[in-house]
Amino acid sequence: MTNIDPSSTTPIPEDDDDRTGLSREALKRAFLDNLFYCQGKFPGLATKHDYYMALAYTVRDRLLRRWISTAETYTRQQSRTVAYLSAEFLLGPHLGNNLLNLGIYDTARQALRELGLSFEEVLGQEEEPGLGNGGLGRLAACFLDSMASLEIPSLGYGIRYEFGIFAQDIVDGEQVELTDKWLRYGNPWELPRPEWAVEIHFGGHTHHYTDHRGRHRAHWMPALTVIGTPYDTPILGYRNNTANTLRLWRAEAPEAFDLSTFNRGDYWGAVNKKVVSENITKVLYPNDEQIQGKELRLQQQYFFVACSLRDMLRIMQVQGIPLDRFHEKFAVQLNDTHPAVAIAELMRLLVDEQDLEWEQAWDITRRTFAYTNHTLLPEALEQWPIHLFSRVLPRHLEIIHEINARFLDEVRVRFLGDQARLERLSLINEQGERYVRMAHLACVGSHAINGVAALHTELLKADVLKDFHELDPSRFSNKTNGVTPRRFLALANPRLAGLLNKTIGEGWVRDLGQLQALESYVDDTAFRTEWRFIKRAVKEEFAGFLRRRTGVVVDPQSLFDVQVKRIHEYKRQHLNALHIVALYLRLKNDPDLDLTPRTFIFGGKAAPGYRMAKLMIRLITGLGEVINRDPDIRDRLKVIFLPNFNVSTGQRVYPAAELSEQISTAGKEASGTGNMKFMMNGALTIGTLDGANVEIREEAGAENFFLFGHTEREIEALRHDGYHPMDIYRSNPQLRAVLDLLRLGTFSRGDRDLFAPLVDHLIHHDPYFLLADFQSYLDCQDQVGLAYKDKEHWSRMSILNVARSGKFSSDRTIRDYCTDIWKVDPLPVHLANRDEWQGNVGNYGT
């Protein structure tokens with residue numbers, strides 16, 4: 001990186017303001033100003049990070065005009081607003097996305113080049129906010145992008161974790177968790193709003209009394225009070241004037257330092273309240289194996305929804321909207337069960353603090369909330385022990401009991417004498433230790449319930465939430481997930497995006513359905529040749545990235561076979577690994593075998609306490625250690641585990657991939673969104689009929705999808721009839737050879753015990769039916785290898801996958817939510833000038 005040349009700027013045109021101008025010269029002047037006046041550096045002392053911060057502040061200035069204009073429009077119009085409550089927002093880097101949405105990505109690149117700086121190096125300095133674990137948080141981020149791009153008035157509400165999802169390193173082949181210090185250098189994209197801080201309470205007890213009107217009342221006397229301070233981040237729409245807000249809450253102590261305690265010599269006690277309070281937002285998903293971890297997670301969930309609901313009440317007060325119109329002002333979406341306690345909290349606010357009658361408060365509450373379910377795994381449907389819930393939120397437990405009693409009275413009338421149904425529908429699980437069922441609370445307190453893929457929704461109605469569906473089918477609908485094409489195609493894959501723009505125009509960025517026009521080019525030989533040329537260039541660039549990150553050299557002409565997602569047994573990364581071992585055995589037995597060269601790329605994090613998932617990572621790294629160095633293989637197979645997979649890495653992986661591994665057990669994946677990102681970048685899918693795979697296959701065409709494995713119904717039949725994986729092990733020589741090789745210590749440096757738990761679990765239990773699908777998977781992978789040899793045909797399938805990916809834009813998903821659930825219309829924003837506000841200072845509430 002060379003020194004900046006300040007003389008490369010030119011005089012200021014009258015209409016090119018340094019704060020808001022989008023020209024190359026305006027950006028250069030603003031960049032230098034921010035380097036000097038915000039970072040306090042001149043080029044001789046500036047670091048790469050200083051340059052990043054200067055560019056970030058330059059871009060943020062341009063966002064602020066749109067952000068303030070948006071807030072002014074929403075306030076003046078008293079717009080109906082979506083409040084999206086999510087414990088996770090996995091945003092990814094802001095800078096590149098904001099440059100793209102402003103329409104100045106190439107302009108900024110040129111401006112920095114003229115200043116003697118590497119644009120790519122500056123972008124690479126951004127710390128990625130790890131405020132999510134995977135698909136749930138990334139979906140929330142895609143939804144924010146789409147709501148802004150579609151001009152939907154909205155607020156995202158979540159937690160400002162000081163430390164996000166752990167940073168993953170691989171040491172001696174095993175996952176090691178490191179602290180994610182994403183805030184260590186500051187965050188230029190957020191603005192703290194201490195003037196909107198709120199008090200949130202925990203613990204204590206309740207006092208019941210009769211008021212002057214003879215009504216039974218409850219007063220909560222908490223044991224702990226913390227302050228919730230909002231930090232706002234603008235979420236910019238694509239080339240429009242809308243910049244919505246993501247509001248994340250940080251927990252603080254009412255008094256950070258107790259001087260009198262300090263003066264008595266109790267130095268720990270002087271800061272103890274600060275430590276206890278700030279722990280609430282210290283880390284994403286504290287380990288909840290111990291009761292202290294469970295308590296902290298419940299505190300986190302209540303903290304952010306309580307802050308958010310109080311904030312909504314403040315907004316209504318500022319806009320002069322009466323309380324009984326709360327459900328008309330806000331459409332509140334619960335992103336899974338984490339925010340479900342919001343239902344009890346809104347009831348508490350309306351009944352205890354705002355003095356509404358129960359019936360009116362319940363009507364407002366049910367018309368406010370809608371619930372998205374994201375899982376079919378029973379263990380993922382949150383339940384809280386009654387004794388824990390009572391200790392943390394005593395008043396809310398009383399409210400939940402009252403909700404439950406009234407609800408079950410309705411059920412008794414509807415289903416006379418059906419005690420078993422009452423027990424299944426109850427908000428309290430009475431079997432053994434008593435628990436509060438948060439998914440049940442979400443269902444009872446919401447006017448709409450949706451799944452996130454067609455199959456997922458049908459399974460919810462038929463199994464997981466069957467009783468609630470039978471009670472009121474009209475509340476259930478499907479809203480198949482989607483992903484933003486801005487970040488995951490336009491930004492991540494500029495070469496392909498350029499070809500699309502040249503061929504069909506730029507309209508696809510706003511309307512992904514326009515990609516269907518590519519179908520008319522699928523038989524164009526020149527177009528297919530250019531398609532392959534672009535993919536090859538992307539793969540070569542990614543191969544360089546892999547070499548720098550892992551030290552492994554890969555052949556860009558090999559098939560890039562990719563599985564990147566959270567490590568979990570139901571996602572079956574170990575099925576992929578067993579296929580690799582099978583190929584390895586084939587090549588060892590016949591070194592001259594005509595086998596399609598492949599580079600297998602894995603990425604993903606295992607939960608710190610999930611031993612089997614960590615062992616799966618160790619197996620993958622063990623395969624790489626042996627296969628990548630075996631001279632008999634002659635580089636025809638390479639296995640790479642890419643550490644610390646995140647959004648930034650994903651933006652490199654998805655464009656380079658050619659085969660997308662979506663191989664979860666049928667009936668276990670709610671939707672998946674990685675499958676969509678791969679599809680819109682031209683990868684073909686090998687997968688089961690699970691989650692959104694079903695719809696991807698329908699859209700792409702069965703002939704452009706590699707299908708294998710048992711269906712959900714067939715899996716259920718196997719389970720019902722008695723599944724015996726040992727019988728499959730004994731009857732399949734290839735499977736037996738693969739598993740026996742793992743037992744011998746071949747991929748564990750001679751340690752025969754290392755993979756024994758994994759192998760034994762498969763042979764004796766196999767809860768995710770990996771062995772049942774093993775042979776089908778290998779046969780399907782053989783078809784993949786043959787298909788890849790026909791480059792022209794592969795290119796046709798790749799083009800058609802992209803052309804038919806329009807359904808999987810999050811824009812389509814958000815339109816469906818707006819029409820069917822939220823009843824929210826777009827509201828265009830007028831881009832105001834400062835002069836327009838000068839006469840209105842003091843006219844708005846604070």
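**Sheets, helices and cavities in a predicted model**

Setting aside residues up to four places away in sequence, Phe36 touches Lys41, Phe42 and Pro43, where contact means heavy atoms within 4.5 Å. This is a predicted model, in which local features need pLDDT of at least 70 and side-chain atom pairs count only at pLDDT 80 or more, while totals for chains, interfaces and linings use all residues. Residues are numbered from 1 along each chain as its sequence is written, and side-chain values use heavy atoms, with hydrogens and water left out.

Phe36 sits in helix H1 (residues 24-37). Helices (H or I, at least four residues) and strands (E, at least two) are DSSP runs, numbered from the N terminus. With a relative accessibility of 32%, Phe36 counts as partly exposed; buried means under 20% relative accessible area, exposed over 50%, and partly exposed in between (1.4 Å probe, protein chains only). From C-alpha to C-alpha, Phe36 lies 38 Å from Asn501 in space, and the two are 465 residues apart in sequence.

Is strand S2 (residues 154-159) buried or exposed? Six of its six residues are buried, so S2 is largely enclosed by the rest of the structure. In a regular strand, side chains alternate between the two faces of the sheet. Here Ser154, Gly156 and Gly158 point one way from S2, while Leu155, Tyr157 and Ile159 point the other way. Strand S2 pairs in the parallel sense with strand S1 (residues 81-85) over four bridges; two strands pair if DSSP finds at least two bridges between them. Within this pairing, Val82 has Ser154 of S2 as its bridge partner. Strand S2 also runs parallel to strand S10 (residues 243-252), joined to it by five bridges, and Tyr157 stands opposite Arg247 in S10.

Two bridges link S14 to strand S15 (residues 435-437) in the antiparallel sense, with Asn429 opposite Tyr435 in S15.

Which residues does Ser798 contact, leaving aside its neighbours within four places in sequence? They are Trp531, Gly682 and Leu684. Ser798, a residue of helix H32, is buried, with a relative accessible area of 4%. A polar atom of its side chain lies 2.7 Å from the backbone oxygen of Gly682. Asn693, in helix H26 (residues 693-700), is also buried, at 2% relative accessibility. Leaving aside neighbours within four places in sequence, Asn693 is in contact with Gln662, Asn675, Gly687, Thr688 and Phe705.

Finally, there are the cavities. On a 1 Å grid over the protein atoms alone, a cavity is a set of points where a 1.4 Å probe fits but cannot get out, and lining residues have an atom within 4 Å of a point. Grid points are joined across faces, edges and corners, and a volume is the space filled by probe spheres set on the points. The count comes to seven cavities of 30 Å³ or more. The largest cavity holds about 170 Å³ of space. It is lined by 15 residues, of which Leu91, His94, Asn97, Ile235 and Arg487 are the closest to its centre. At least two lining residues each come from helix H3 (95-102), helix H6 (135-149) and strand S9 (224-236), and H6 gives the largest share, four residues.

How values were computed:
A polar contact is a pair of N or O atoms within 3.5 Å; within protein, one must be able to donate a hydrogen and the other to accept it, and residues adjacent in sequence count only if both atoms are side-chain atoms. On a 1 Å grid over the protein atoms alone, a cavity is a set of points where a 1.4 Å probe fits but cannot get out, and a pocket is an open set with protein on both sides within 12 Å along at least five of seven lines; lining residues have an atom within 4 Å of a point.
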